[in-house]
Structures are given as structure tokens and as C-alpha cells.
Amino acid sequence: MTAEILPAIAGEILTGEADLSVASSDWGNLVHTRPGLVVRPASVTDVAVVLRFAAARGLPVAARGAGHSPYGQGQVEGGILLDMTSLPPRRVVRGDLVSVDAGARWREVLETTLPYGLVPPVLTDYLELTVGGTLVVGGIGGAAHHHGTQTDSVVELEVVTGAGEVLTCSRDSDKDLFDAVLGGLGQCGVITRATLRLIPAPARARRWKLYYDSLPAFLADQRTVVRDGRFDYVEGQLIPVDDGWRYMLEAVAYYTPPDAPDEDALLGSLDFGESEDEDTMYFDFLNRMADGEAALRAEGSWFHPHPWLNLFLPDDTVEHFVAETLAATGEPELGATGLLLLYPVRNDRLKTPLFSVPPGELSWLFCPLRAGSPDDPLHNARLLELNVDLYRKARGLGGKAYPTNALPMSTEDWRAHFGPAWPKLAEAKARYAPGNLLNPGQRLRSP
Ligand SMILES: Cc1cc2nc3c(=O)[nH]c(=O)nc-3n(C[C@H](O)[C@H](O)[C@H](O)COP(=O)(O)OP(=O)(O)OC[C@H]3O[C@@H](n4cnc5c(N)ncnc54)[C@H](O)[C@@H]3O)c2cc1C
């Protein structure tokens, strides 16, 4: 495809080898599909011009945020890739709302809101993801047991539909589009702007790492603290040790001096063994992955394949499922820099219609974040098979995917994933982005 075929736009059109090569890779480094060209839009009008042009010619288009998908979700074979990070920053705080361009990274959102003493209620563990990229999957973190997902804090979206129409939607206006875009895998339109609810930001964070030798004791304490909401943030990690596994409950209390967390009240009833704690500035806690990222980049493993899997498990299956998975997991399955996360969220906090979790009071986010091999494709293929097996097993028990995975999902898988919410998504997709041209890397086609 040549740049000349596109109508004039204010942004850049890139066809060079280096740009196409970046656009055909992602965090997963497992799928590599090459676009025909890359557009760096300079405005919403550019996005609309490209989408109208592509729709008229039957060309596929993908939006790309930070490119941190694990399995080609933001790639497009032979079509047009829209680099959303090129939209000019338009970041405004008004009252307890912030309005941002969808290509903004969550760190940049914080840099906008913190001077006002405000913050989005839920942040991802890693702040270099874009607003558009996480809103199409949900956006989850340690505050989800209080505030739901990032999509639950969205009050308004500006969306360019697959047909190239610029619409502003919310719970009160074009609600079908609003509901189909949040958690909807970018199937109905490209988000260009989002308005998010904010809450007061604390000054500091006290973080405890509580260690357990027993999986049931760890799960029981996680249930307790998520139910009573005593901490502001709760996550958990499963850590390989010489003779098996150790479990770490990560709990954080935010505060602003002269107030301070009451450690006895917070930890007194919990059944952990060893513990560690640290006290940091609030932003430093939120940005805690920055040092690790720099180290992994320096040693190279940041760029290795990442066959990551994120599942939601029902509460009554979590102990057995996790114990069985751990028994079959060693360094070959996880990789030297791999991680296993496990924490519960309260289902009554999750309000986004397309955000699918198992029924019940609690759902458990279980994430085997595997590190693959840079030079052994067969090994990576085996890790993908493990993902498929675990996903099937979880589904058989009523589990769901948290939808950003190294998994070859089919349309049928997505139909089952969305369950009762599927017909509305399919209707909205047919109405706003007919022809299955938008974000084809999600492998979701509707008739
Ligand atoms: C190191 C790391 C840590 C992570 N931590 C968390 C975490 O704590 N919590 C969590 O919830 N997730 C986490 N994730 C997963 C992450 O949220 C998803 O993979 C997310 O989709 C990536 O966002 P991105 O900006 O990189 O988007 P991309 O990978 O560029 O795109 C993701 C999908 O969104 C589409 N898209 C992108 N922008 C737009 C837009 N503006 N409009 C419409 N569609 C769009 C793309 O086409 C693609 O289908 C993590 C991922 C990594 C690599």
C-alpha cells in the first residue's frame, strides 16, 4: 500500500521499514502481522478521514495504543495502523473529572490530575499503558475491590465509529455505543477522548508484603480484607521457592499526614508469617514498575516473548484450580522473569456490561505471566498450549478470560465469553462498524 492512496491529512503517513516493523510487533512478541501503512493522526478529524476512507474500500484498520498486547490484538495485516499516541495531548481537569486524549498513558493522566490533588480511582500496575488500550479490555488493579474497573469510572467517550462518524457517548447519550466500547475490544469504534471520574489523592502509601506458607490461609485472608475493605489496594503473588510455593498478600493503605495507618487494626487479625513493609510517596508506589522495567530493558528480557494469561476464576474453584496449576508449574512453564498474580475482586463493584466475570460474590484474577524464550519457538508454542489448556479448564468450571491474553480466541470463544452481553455487542458492531474491518487482531467477527 502506498501513502498516495490516502486523502490528505494533517498527521503523518509512514511506510518505512522501521515503522512497519514496530507496528507488526507487540509486548507478546509472538504474533507479527504487517500493516500496509502507519498513520500518526494529528487530530480526531484525521482518524475520521482514515476510517471513512478504509470503510469505503473494505480496508482493515487497527488502533494502536502503547502496543502492550500479548498476541497481536493491536496489529493489522496489510491494512492501516492508527498510532493513537500521536494525537495531540488535550488534558483538562474540571471539578472531579479529567478529560484526556485516548493515546495518553496512565502516567500522563496522573501527571495531569495530581497537581489538583485528584486521581483516577483504579490504576493498572503498569502506568505506561494508554487510556484507549485499557478501556477496551477493562483496566484492573489493586483498587478494583473498591471501585471496579477503569471502565467503571468513565463518564463520557468521544468515539470515531468504524464508519468514520465522530460521536460523543455516555450513559445518557448513545448508550448502546458507550456500553459496546467499554470492554468491547475496539470492535465498534476508535476511542479518541475519555472523560474520567476522579477521587481525592492521598500523599503517601504504606505497603505491606505478608507472606504465607499455606494457600488456604492466604486465600482466606485475601477474602477477609477484600470483603471488609480495610486496605485501599489488595493484590497477591505466588512465589516459587525451593520446596514448593510461598504466597504473598500485597496490601496498601493510603494516607495523608498527620493521619497515619493503624497497623494493629489493619494486620491484627491476619494469619501471615513473615512480613515486610515500606512507606513511600503515593506516586512512587503507583509508578513502582518503573525501576523493574529499566532493569529488564537493560538485560534484554523486556523484549522477549510474553505468553501471558489472565483468567477470572469462581471463588469456589480457586483453591483447587490454583493448587493444581502450581503443582504443574516450574521454571520451564513460568520462565525466569515470569510472575504469578492472584487476587480477588468484589463482583458487586463491577458495573461495565461487557466486563465478564464468573457469577458469585468474588472473582479471582489469576495471571500466569509467563516469560518465553527469545530463540526457541517450540518452547513458546508449548507455553501457548498450556494457556489454551488452562483457559479451557477454567471455562469448564465457570471461569472467564480477562480479555488480554496470548490465546488464539475464536469468534465462538468470544460469544461464549460475553454470554448474555454478546447480542448487544454484535448489534452495535453491525451498526457502528460493519464489515469486521476494525481491530481484526482481536479475532472477533460477527455475521
Ligand atoms: C507490563 C504490563 C503490565 C500490565 N498490567 C496491567 C494491569 O495491572 N491491569 C490491567 O488491567 N492490564 C494490565 N496489562 C494489560 C493491558 O492493560 C492490556 O494489554 C492493554 O490492552 C494494553 O494497552 P495498550 O495501550 O498497550 O494497547 P494496545 O496493545 O496498543 O492495544 C490493545 C487493544 O486495544 C485496541 N486499541 C488501542 N487503542 C485504542 C483506542 N484508542 N480505541 C479503540 N481501540 C484501541 C487495539 O487495537 C488492541 O486491540 C498489562 C500489560 C503489560 C504489558
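**Close-up views of the predicted model**

**View 1. A residue pair across β8 and β10.** Glu 156 stands opposite Thr 195 in β10. The model shown here and in the other views is a predicted one. Strand β8 covers residues 154-161 and runs antiparallel to β10, the two being joined by seven bridges.

**View 2. The five-stranded sheet.** The strand order is β5-β6-β10-β8-β9, in an open sheet with antiparallel pairing. β5 (92-94) and β9 (166-170) are the edge strands, each with pairing on one side only. On average, neighbouring strands of this sheet are turned by 20° against each other, direction ignored.

**View 3. The shell around the ligand.** The ligand is surrounded by 34 residues, and the closest are Ala 63, Gly 65, Ser 69, Thr 130 and Tyr 402. By residue class, the shell contains 15 nonpolar, 17 polar and two charged residues. At least two shell residues come from each of β3 (61-64), α4 (131-135) and β10 (189-197). Domain 1 (3-84) and domain 2 (92-200 + 428-434) each contribute at least three residues to the shell.

**View 4. Polar atoms at the ligand oxygens.** A polar backbone atom of Asp 125 lies 2.7 Å from an oxygen atom of the ligand. For Ala 66, the distance from a polar backbone atom to a ligand oxygen atom is 2.9 Å. With Thr 404 the side chain is involved: one of its N or O atoms is 2.8 Å from an oxygen atom of the ligand. The ligand taken alone exposes 970 Å², of which the protein buries 96%.

Technical notes: Residues numbered from 1 in each chain as written. Predicted model: local features only at pLDDT ≥ 70, side-chain atom pairs only at ≥ 80, totals over all residues. Heavy atoms only, no water. Near = heavy atom within 4 Å. Polar contact = N/O pair within 3.5 Å; in protein donor to acceptor, adjacent residues only side chain to side chain. Areas by Shrake-Rupley, 256 points an atom, 1.4 Å probe, with all protein chains shown as cover. Helix = DSSP H or I, 4+ residues; strand = E, 2+ residues; numbered from the N terminus. Nonpolar A, V, L, I, M, F, W, Y, C, P; charged D, E, K, R; others polar. Domains from an automatic or database assignment. Pairing = 2+ DSSP bridges. Axes fitted to C-alpha atoms, helices over the stretch in contact; angles between N-to-C directions.
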